[in-house]
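Please read the points below with the sequence and the coordinates at hand.

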Amino acid sequence: MTGKLDLDPVLVARARELARRAGQPVVDLARSHTTVSVERAVLRLAGVTGADPDGIPWVNRLVDAVAADVGLGHGVAVPVFDALVREGSTDVTLLAQKAAAGSVRFTQPTGRAATAARSAARKAVGAGIRRIDRRRAERDRLVKRHGDPAQRPWIYLIVATGDIYEDIPQAQAAARAGADVIAVIRSTGQSLLDYVPEGATREGFAGTYATQENFRLMRAALDESSKEVGRYVRLTNYASGLCMPEMATLAGLERLDMMLNDSMYGILFRDINPVRTFVDQRFSRQVHARAGIIINTGEDNYLTTADAVDEAHTVTVSQLLNEFFAHEAGLADWQLGLGHAFEINPEVPESFRLELAHALLARELFPDAPLKWMPPTKHMTGDVFRGNLLDGFFNLAGALTGQGILLVGMMTEAVVTPWLSDRDIALQNVRYVLGAAGGLHEDFVPAPGGFIRRRANQVLGEALDLLERIGEQTLLTAIAEGTFGIMKRPADRGKGLDGVAAHEADYCNPATDILEAAA
Amino acid sequence: MSEHSGQHASVPTGKAIVRPYGDTTGDGMVQVSFTLPVTHDKRAEGAAVQLANKMGIDPAMVVHAKPMGDGFTFFVVYGRVNHLVDLNAVQVVERDFALLSAKDVNTVIKQRLRRKLSVVGACIGTDAHTVGIDAILNVKGIAGEKGLEYYRELKVTNMGAQVSVPELVETARAEKADAVLVSQVVTQRDAHLHNTREMSAAFREAMPAGRRPLLIVGGPRFDETMTDELGVDRIFGRGTTPGEVASYLVHALITQRKAMA
């Protein structure tokens with residue numbers, strides 16, 4: 001069985017081996033460093049909640065206090081629980097408040113005190129992880145009760161008003177109209193905040209802040225919708241930016257179902273420090289693995305900056321790297337919503353056949369991953385009629401190549417944030433195509449030696465060349481030299497570097513210990 | 001290259017009055033679509049006709065009406081509009097520079113400046129809102145348009161938030177900035193105006209007129225006509241896109257400068 005594209009299994013295996021070789025040094029780096037956000041995520045698992053009157057979360061205050069006294073390199077769990085044992089208390093949030101007021105001093109204990117602190121920390125963090133486990137079991141029950149969507153791809157729709165109480169009725173209306181997955185777009189710039197805002201929020205810039213309370217409100221609303229529509233409606237948010245590990249943790253605690261979580265997006269598009277990103281990335285993926293969350297990677301973004309034909313192979317390379325990092329962190333294939341997009345200029349001759357070749361290549365390379373298929377954005381203009389046609393072809397390509405998650409394209413992309421009617425027309429477009437040609441992937445086998453097979457093999461070849469070149473240096477060097485996209489991102493630059501610390505010999509992170517023991 | 005020359009299309013005097021064109025000159029036909037927050041029934045269609053009539057469409061034909069969710073109906077209406085357009089009375093707010101594509105911006109810089117154009121950006125004062133400066137500078141950009149980092153021929157230094165004016169001047173000097181972009185979101189007690197004046201004064205003091213970078217401020221609450229009062233070269237308000245800023249940079253630093261030389 002050589003599949004629909006006659007890909008050479010030796011080349012495919014070679015590509016995976018090269019991705020492993022490029023990724024392994026980054027994993028080693030991630031295993032030997034921690035970040036403020038990883039430590040804050042550990043404290044969230046241990047039960048620290050809430051924020052000070054200025055809206056700065058207590059986890060931030062506590063991590064800052066510990067770092068000021070003993071540094072970050074031991075991990076905060078042991079100094080925090082050592083202080084708690086000394087105070088004779090079990091309330092970590094109260095300790096955070098005292099620490100913020102300067103009335104607690106932290107030390108890195110040794111001997112018996114260290115053992116006691118470790119054991120207390122492990123107990124508290126373990127309780128948080130068990131909460132994530134219960135959430136996962138709850139999802140399994142609800143999926144069994146309400147059922148999965150009847151069709152593949154799942155229909156993924158975005159809401160983004162800035163006001164969670166406005167998002168909720170829109171999301172519920174979208175579910176009634178056929179959406180299987182609801183994504184709440186985040187407020188512009190949240191990825192660069194080094195803290196997670198608290199509480200329900202009613203104001204945002206072109207999106208709604210991701211907060212634990214907003215997660216909880218939306219998940220509860222979609223549980224109602226699931227009951228009403230008779231299928232489990234999934235909820236998506238973003239584990240990206242400076243608070244990636246905390247976002248993953250909050251998503252696990254509030255039973256979100258999918259998270260956007262790309263290995264390089266923050267580095268390339270947000271100028272976040274590469275080391276910070278890879279350390280945060282690994283922890284967040286371990287949490288997602290445990291929580292049964294499907295990650296969505298961000299390869300579509302390459303194609304919005306670079307040419308979708310010339311740079312098609314960078315998507316394949318990134319997918320292979322994302323796959324390696326995901327497997328290493330314990331994610332199973334069914335959790336890998338590897339991304340790609342319909343972004344070829346429609347004026348290019350045979351553009352649709354090129355799209356099919358690229359989409360099918362991803363399908364054949366990752367047969368068990370629920371690929372995420374992203375709609376045209378770059379070549380959408382104010383011509384909404386043409387936009388609707390382009391979205392129809394995008395939907396058709398999704399059906400023909402067996403994509404797993406289809407982000408519904410809007411004909412008003414680049415014009416307005418979608419209106420009620422835009423969403424309705426877009427869903428009608430999807431329903432027509434899936435209704436008329438939903439099973440066409442069964443019949444769609446490109447001709448041997450034909451255009452599509454040749455193109456797919458060419459892209460795979462270019463991906464291998466690029467991976468060979470990366471293998472000669474390292475992934476960090478490749479990123480520093482601008483191999484992905486056109487941005488040069490050196491490892492010693494970018495936002496969030498001051499929140500990174502190398503592990504001391506006695507570094508302790510009970511969350512990682514528990515997550516890795518299970519894997 | 002899309003040159004918006006600002007010239008009105010020359011109109012023969014006899015044809016200054018026009019009407020929309022369906023398939024016959026003067027038929028006045030238009031097509032509109034809209035949603036009304038009412039459940040779909042006969043009355044809803046009547047409501048759509050009433051709205052169309054009030055818009056000047058008479059007669060109006062509701063050719064499509066479709067219920068959407070609870071209590072909403074989508075309509076497509078065709079009909080004859082009774083308004084006339086007087087081309088001589090058209091008034092256009094002119095942009096005083098041409099809007100260029102990213103490719104054109106890069107080409108002009110490469111061919112005429114023959115080096116990368118250096119841009120330094122920051123949020124100054126206590127303002128921690130990097131939303132504005134990031135929307136303009138980050139590759140991610142805003143509303144589907146890539147930020148200045150995406151332009152090959154621009155060298156962008158984004159200093160982030162809470163940058164002091166002396167730091168900004170120092171960085172502008174070190175990076176040999178051709179332009180300095182400052183974003184101000186917080187307007188409490190006119191902080192954005194004070195900060196901007198402090199910044200422009202510092203640059204005037206630190207560098208002679210000919211060597212001073214182009215000073216640009218942006219933010220949702222600025223009045224775009226206050227450039228002289230604030231001592232800056234340009235003010236950008238709400239909704240400005242990276243492409244507009246890039247086009248302005250090319251205009252102010254290359255095209256216009258060469259034209260004046």
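Predicted model: local features only at pLDDT ≥ 70, side-chain atom pairs only at ≥ 80, totals over all residues.

In chain A, A:V181 stands opposite A:R234 of strand β4(A).

- Strand β4 (residues 234-238) of chain A is mostly covered, as five of its five residues are buried.
- In a regular strand the side chains alternate between the two faces of the sheet.
- For β4(A), A:R234, A:T236 and A:Y238 point one way while A:L235 and A:N237 point the other way, and all are buried.

*Helix α3 of chain A*

- Helix α3 (residues 58-70) of chain A has 13 residues and reaches 18 Å from its first C-alpha to its last, which is close to the 18 Å expected at 1.5 Å a residue.
- Among the buried residues of α3(A) are A:W58, A:N60, A:R61, A:L62 and A:V70, and what covers the buried residues includes α2 (36-45), α4 (77-87) and α5 (92-100) of chain A.
- After α3(A) comes A:G71, whose phi is positive, near 80°.

*Domains and strands of chain B*

- Chain B is divided into domain 1 (13-87) and domain 2 (102-260), and the centres of these two domains of chain B, taken over C-alpha atoms, are separated by 44 Å.
- Strand β2 (residues 29-36) of chain B runs antiparallel to strand β4 (residues 73-81) of chain B and is joined to it by eight bridges, with B:V30 standing opposite B:G79 of β4(B).
- Strand β3 (residues 57-67) of chain B also pairs with β4(B) in the antiparallel sense over eight bridges, and here B:M61 has B:Y78 as its bridge partner.
- β3(B) and β4(B) form a hairpin with five residues between them, and in the turn B:G69 has a positive phi of about 60°.

*Contact between the chains*

- The contact between chain A and chain B takes 18 residues from chain B and 18 residues from chain A.
- On the side of chain B that touches chain A, helix α3 (residues 131-137) of chain B gives the most, with three residues.
- That side of chain B has, by class, eight nonpolar, five polar and five charged residues.

*Surroundings of A:R290*

- A:R290 lies in helix α11 (residues 274-291) of chain A, and A:R290 counts as buried because 22 other C-beta atoms are within 10 Å.
- Leaving aside neighbours within four places in sequence, A:R290 is in contact with A:I129, A:I132, A:G252, A:L515 and A:A518.
- From A:R290 to A:N509 the separation is 219 residues in sequence and 16 Å in space, C-alpha to C-alpha.

Conventions. Residues numbered from 1 in each chain as written. Chains lettered and ligands numbered in written order. Domains from an automatic or database assignment. Buried ≥ 20, exposed ≤ 12 C-beta atoms within 10 Å, placed from the backbone. Helix = DSSP H or I, 4+ residues; strand = E, 2+ residues; numbered from the N terminus. Pairing = 2+ DSSP bridges. Expected span 1.5 Å × (residues − 1). Contact = placed C-beta atoms within 7 Å. Nonpolar A, V, L, I, M, F, W, Y, C, P; charged D, E, K, R; others polar.
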